[in-house]
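Here is a briefing for a reader meeting this structure for the first time. Please look over the sequence and the model before reading on.

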Amino acid sequence: MNTRVIKTAIIGYGFSAKTFHLPFIESLPEFEVSAISSSQIDAVKQDWPNTAHYLSAEEMLQKSDTQLVIITAPNDVHFSLAKLALENNKHVILEKPFVTNVADGQTLIALAKEKGLILSVYHNRRWDGDFLTIKKLMAEKKLGNIKHFESHFDRFRPNVVQRWRENTQDGGGILFDLGPHLIDQALQLFGLPDAITAQCKIMREGATNIDYFNLTLHYRDKLALLSASLFCAAPNLRFNIQGDRANYRKWGLDPQEDRLKAGVLPKTTDWGQENRDQYGHLYFEDSSQVAKTELGGYQHFFVQMAKAINSGAKPPVLAEDALWNIKLIKLAMESSRLGKTMKVEL
């Protein structure tokens, strides 16, 4: 196996780049941070003095010798930057959401295939410990046949903040920010639904984008409810799963994001292990028990990406799978606008 170090460039130097990508590229021996493009050029030079710096992402894509580009720029330029990166023969990781419309995603997938390049999307929540716990419980038939699946990603941000995630018209709002996490996990567990019913609302004073959503994915034998609110000050009920043998309930969010924000580098295999007091619970008809959370680890995305580039292994997230997130988001918006359930066409 060719295990050469992959020269990696980052577009953007905001929260996503500094929290969810650079700690792994810096810590894993498979990668090397070779270039960063950002308007915050002084901060980049101070933090990464030995790395090539570019004010323009376009210049970096055309002139640098990087093999892999991670795009953390605003959602509305995902397509144009990924297209330019692929045209310059670079593998691409896009922060979620993949793109903001379906046709752009199809174009990128076709271009990557034509060029023989890896195109992947950072759906890191596939490696949340609680999500891995659910997969294990399902594999072991602990819950029986699931009938009701409820997944929340709630926060308390009742006031609008002037930042692109909230204000960008193309791809702004929490449906494009948090929706991909919840939708991707549901698709990983249950596959494509038969239909979707959605309420997508602008709830906060001064808001211009969706800041509340409730999606119902209709399956033949179950319902999956996915929701996000910016008015939840109480502990976040992350999962509520009801099967005909047992229920699983889990509060709180996976600890990896908070540890990354605190500067804890992912240098040990157990860095993402959840504390015992955060574990979920299994509920049976006449008893209950603690359900230990499986060991999560976002590093597995990057390790798998390196294998895909160096040895032709399967990418950690297929762009085709990520495109279904966008298709369902668009259907959800249409369902909410029309006030009707929308069939999911294969």
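What follows is a tour of the sheets, the helices and a few single residues.

The model is a predicted one. Another open sheet has nine strands with mixed pairing.

- Strand E2 (residues 31–37) and E3 run parallel, joined by three bridges. Here Ile 36 stands opposite His 53 in E3.

**Strand E4 and its partners**

- Strand E4 (residues 68–71) is covered on both faces. Leu 68 and Ile 70 are buried on one side, Val 69 and Ile 71 on the other.
- Strand E1 (residues 6–11) runs parallel to E4, with four bridges between them. Ile 10 has Ile 70 as its bridge partner in E4.
- E4 and E5 also run parallel, joined by four bridges. Ile 70 stands opposite Ile 93 in E5.
- E4, H4 and E5 form a right-handed β-α-β unit.

- Strand E6 (residues 119–122) has both faces covered. Leu 119 and Val 121 are buried on one side, and Ser 120 and Tyr 122 are buried on the other.
- E5 and E6 pair in the parallel sense over four bridges. Leu 94 has Val 121 as its bridge partner in E6.
- The chain passes from E5 through H5 to E6, and this β-α-β crossover is right-handed.

**How H4 meets H5**

- Two packed helices are described by the angle between their axes and the distance between the axes.
- Helix H4 (residues 78–87) and H5 pack at an angle of about 10 degrees, and their axes lie 10 Å apart.
- Angles under 35 degrees count as roughly parallel, so H4 and H5 are roughly parallel to each other.
- On the H4 side, the contact uses Phe 79, Ala 82, Lys 83, Leu 86 and Glu 87. On the H5 side, it uses Asp 104, Thr 107, Leu 108, Leu 111, Ala 112 and Lys 115.
- By class, the contact of H4 with H5 has six nonpolar, one polar and four charged residues.

**The loop between E5 and H5**

- Pro 97 lies in the loop between E5 and H5. A cis peptide bond joins Lys 96 and Pro 97, with omega about 0 degrees.
- Most peptide bonds are trans.
- Thr 100 lies in the loop between strand E5 (91–95) and helix H5 (102–115).
- Is Thr 100 buried or exposed? Its relative accessibility is 5%. Buried means under 20%, so Thr 100 counts as buried.
- Beyond its neighbours within four places in sequence, Thr 100 is in contact with Asn 75, Asp 76, Asp 170, Gly 171, Phe 176, Ile 326 and Lys 330.

**The nine-stranded sheet**

- The strand order is E14-E13-E12-E11-E7-E10-E9-E8-E15.
- Strand E14 (288–291) and strand E15 (342–343) are the edge strands, and each pairs on one side only.
- E11 and E12 run antiparallel, joined by five bridges. Ile 241 stands opposite Tyr 248 in E12.
- H9 packs on this sheet and touches strand E7 (146–152), strand E9 (212–218), strand E10 (223–229) and E11. The direction of H9 makes about 160 degrees with that of E7.

**Helix H6 and what follows it**

- The buried residues of helix H6 (residues 129–139) are Gly 129, Asp 130, Phe 131, Thr 133, Ile 134 and Leu 137.
- These buried residues pack against helix H9 (179–190), strand E11 (237–243), strand E12 (247–251), helix H10 (256–261) and strand E13 (280–283).
- Lys 141 follows H6 and sits in the loop between H6 and E7.
- The relative accessibility of Lys 141 is 55%. Exposed means over 50%, so Lys 141 counts as exposed.

**Positive phi values**

- Most residues other than glycine have a negative phi.
- Phi of Lys 141 is positive, near 60 degrees.
- Asn 89 also has a positive phi, near 60 degrees. Asn 89 is found in the loop between H4 and E5.

Key: Residues numbered from 1 in each chain as written. Predicted model: local features only at pLDDT ≥ 70, side-chain atom pairs only at ≥ 80, totals over all residues. Heavy atoms only, no water. Helix = DSSP H or I, 4+ residues; strand = E, 2+ residues; numbered from the N terminus. Buried < 20%, exposed > 50% of the residue type's maximum accessible area, 1.4 Å probe, protein only. Contact = heavy atoms within 4.5 Å. Pairing = 2+ DSSP bridges. Right-handed = clockwise from strand over helix to strand, strands pointing away. Axes fitted to C-alpha atoms, helices over the stretch in contact; angles between N-to-C directions. Parallel < 35°, antiparallel > 145°, perpendicular 65-115°, else oblique. Nonpolar A, V, L, I, M, F, W, Y, C, P; charged D, E, K, R; others polar.
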